[in-house]
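Subject: Structure handover

Hello,

Here is the structure we spoke about. Please open it before you read on.

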Number of protein chains: 2
Amino acid sequence: MLTGRRLVFIGGDARQLEVIAQTTELDASAMLIGFEELNRRFTDTALVPLSPEVFAEADALVLPVAGMDDDGRVDTQFSSDGHVFLAEEHFAAMREGAFVFTGIARSRLETFTEKYKLNLVKLMELDEVAILNSIPTAEGAIALAMEHTDITIHGARTLVLGFGRCGITLARTLGALGAQVRVAARQPADLARIREMGMTPVPLQRLASEVGDVDMVFNTVPALILTASVLSRMSKDCVIIDIASKPGGTDFRYAERRGMTALLAPSLPGLVAPKTAGRIIADSITRILAQT
Amino acid sequence: MLTGRRLVFIGGDARQLEVIAQTTELDASAMLIGFEELNRRFTDTALVPLSPEVFAEADALVLPVAGMDDDGRVDTQFSSDGHVFLAEEHFAAMREGAFVFTGIARSRLETFTEKYKLNLVKLMELDEVAILNSIPTAEGAIALAMEHTDITIHGARTLVLGFGRCGITLARTLGALGAQVRVAARQPADLARIREMGMTPVPLQRLASEVGDVDMVFNTVPALILTASVLSRMSKDCVIIDIASKPGGTDFRYAERRGMTALLAPSLPGLVAPKTAGRIIADSITRILAQT
């Protein structure tokens, strides 16, 4: 339970509403900034102005997944101007040790939280969040592949690049759907695990020789892996879904020149399953607050 | 191999191209009617006029999945007017025992093939086709569910109505994606198999009491099952994907009145995976012709 905890929420998207719903359900109080056009109602929740007094009372500040820009801007879907600007005075007003939850943190947010001894939690860097977020990511990537191919996932020759938190989930899910799954990784231990899972391991250095007959490639590696040289060995009908952070791991210019379908699709959880993605964040915030 | 076989193809969509590709690859000759705007080339294939002489030489006539209307109309995506009209003289010209392949058959096609002792094969009624078609159907239905919900399939409370060729595939696929799967069926043997597969069986007569907490319903039964009375017990957020033949098994009027998302989505294979759907048809046509 979060009885007596006072949380200040600044902007966000549909995910933030799940966090508000779950934390207030657990008896926290919520103060909302940048939610003037919100049409959903929550228990023990008030719209409040952007003033240092509100921050002074907070046990935790909850920013959206994208956090705060280096000019202090926080985006919100729930007010007509679409953003709120935070200044140093807001962080200065918070009590030492209070939490600041964000998805990712840019340098200004890091600086302010350090300066005022606030407890910054970068949710997207927590394994527990990243692993669960890999589920909507994998489902969204597979939905894109379904949409952009004229074959089924079942029976398709698929290749997953990378065997991290998203790569594992993608490979397992594709296998569960009946696809033939190859997974490219660098580490011998990963290649062994891929084989144990009944999939075909591909050492990354041999990638170019293993792509000739592939129907769909899913890239999770945030480095240029699908170079022009690799792309030139692939079938022109092969569809590439690149879910690595921008700019992805594909030479998109060359893919387009060759007439291939290559899509950069980072940040899928908030797009394909905002409610699930919000619950994942809410669970972690709740766990962290309940422990302290 | 289909060496020496002469096949006449009349119209169709992307699926028909896969059938032409596969049969000519196996050494059959193809004569195409209603393909004036085709821009793909195949071995040993000629565009021919609609004349009884062409039919007289055919070992098999291959109609599109939708077959021929009762006014003789056959739809085609590959000519500018979009259709071809077949007359009795075309069937009369065919040699006795020749094959006529179609997806489904309306009465005029049944009459002509019977009168001229032609071998009518209704592909969509073959179990081997229907079972394999259930794969693109299930993938298409799940892609629709992903698109129209804000949660993941993983962890969702799903309900499949019917445990026939599509119901089995849908239930298994949802389970593989990590959903909680309930399946409603009437027969005790089906309910036993559902339990064996690790899912929750729901006797159809108890349906109304088992829908209260469901996130997604997939209907495969071509009869009114999701009545107003059942819908009224469901959460308004529940999304219904109805893949039964038109008019489906849902009271769509009442679902709309209640503000629920309910989609009628029959004939998914040709939409979501025309190449796979074409290969399924080609495999059956090839098998049947090769046996004779």
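My notes follow, from the whole chain down to single residues.

First, the ground rules. This is a predicted model, in which local features need pLDDT of at least 70 and side-chain atom pairs count only at pLDDT 80 or more, while totals for chains, interfaces and linings use all residues. Residues are numbered from 1 along each chain as its sequence is written, chains are lettered from A and ligands numbered from 1 in the order in which they are written, and side-chain values use heavy atoms, with hydrogens and water left out.

**The chain**

Chain A has eleven helices and 14 strands. Both are DSSP runs numbered from the N terminus: helices are H or I with at least four residues, strands are E with at least two. Along the principal axes, the C-alpha atoms of chain A fill a box of roughly 60 × 35 × 35 Å. Of the 292 residues in chain A, 55% are buried. Buried means under 20% relative accessible area, exposed means over 50%, and partly exposed lies in between (1.4 Å probe, protein chains only). Contact means heavy atoms within 4.5 Å. Among contacts in chain A with a separation of 6 or more, 55% join residues 24 or more positions apart.

**The two copies**

**The interface**

Chain A puts 22 residues in contact with 22 residues of chain B. The copies meet through the same surface, because 100% of the interface residues of chain A are also interface residues in chain B. About 1900 Å² is buried between chain A and chain B, 61% of it on carbon and sulfur atoms. That buried area is the accessible area (1.4 Å probe) that two parts lose on being put together, summed over both.

What holds for charge pairs here? The count of salt bridges between chain A and chain B is zero. A salt bridge needs a side-chain nitrogen of Lys or Arg within 4 Å of a carboxyl oxygen of Asp or Glu. Polar contacts do cross the interface of chain A and chain B: ten residue pairs, both residues at pLDDT 80 or more. A polar contact is a pair of N or O atoms within 3.5 Å; within protein, one must be able to donate a hydrogen and the other to accept it, and residues adjacent in sequence count only if both atoms are side-chain atoms.

On the side of chain A that touches chain B, α5 (127–148), α6 (165–176) and α11 (274–291) each supply at least two residues. The largest share, five residues, comes from α5(A). By class, this side of chain A has eleven nonpolar, five polar and six charged residues. Ala, Val, Leu, Ile, Met, Phe, Trp, Tyr, Cys and Pro count as nonpolar, Asp, Glu, Lys and Arg as charged, and the others, Gly among them, as polar.

**Salt bridges**

Over all chains, the whole structure has 30 salt bridges. In one of them, A:Arg157 pairs with A:Asp215, with the closest N and O atoms 3.4 Å apart. A:Arg157 lies in strand β9 (residues 157–161) of chain A and A:Asp215 in the loop between β11 (200–203) and β12 (216–219), so the pair ties together parts 58 residues apart in sequence. A:Arg157 is partly exposed at 32% relative accessibility. A:Asp215 is buried at 18%.

In chain B, B:Asp215 and B:Arg157 also meet in a salt bridge (3.3 Å, N to O). B:Arg287 and B:Glu128 form another, at 2.8 Å, N to O. B:Arg287 is in helix α11 (residues 274–291) of chain B and B:Glu128 in helix α5 (residues 127–148), so this pair ties together parts 159 residues apart in sequence. B:Arg287 is partly exposed at 34%, and B:Glu128 is partly exposed at 32%.

**Helix α1 of chain B**

B:Thr23 is in helix α1 of chain B. B:Thr23 is buried, at 0% relative accessibility. Its side chain reaches the backbone oxygen of B:Val19 at 2.7 Å. Leaving out residues up to four places away in sequence, B:Thr23 touches B:Leu2, B:Leu7, B:Phe9, B:Ala28 and B:Thr286.

B:Ala14 also lies in helix α1 (residues 14–25) of chain B. B:Ala14 is partly exposed, at 32% relative accessibility. Beyond its neighbours within four places in sequence, B:Ala14 is in contact with B:Gln77, B:Phe78 and B:Pro274.

Best wishes
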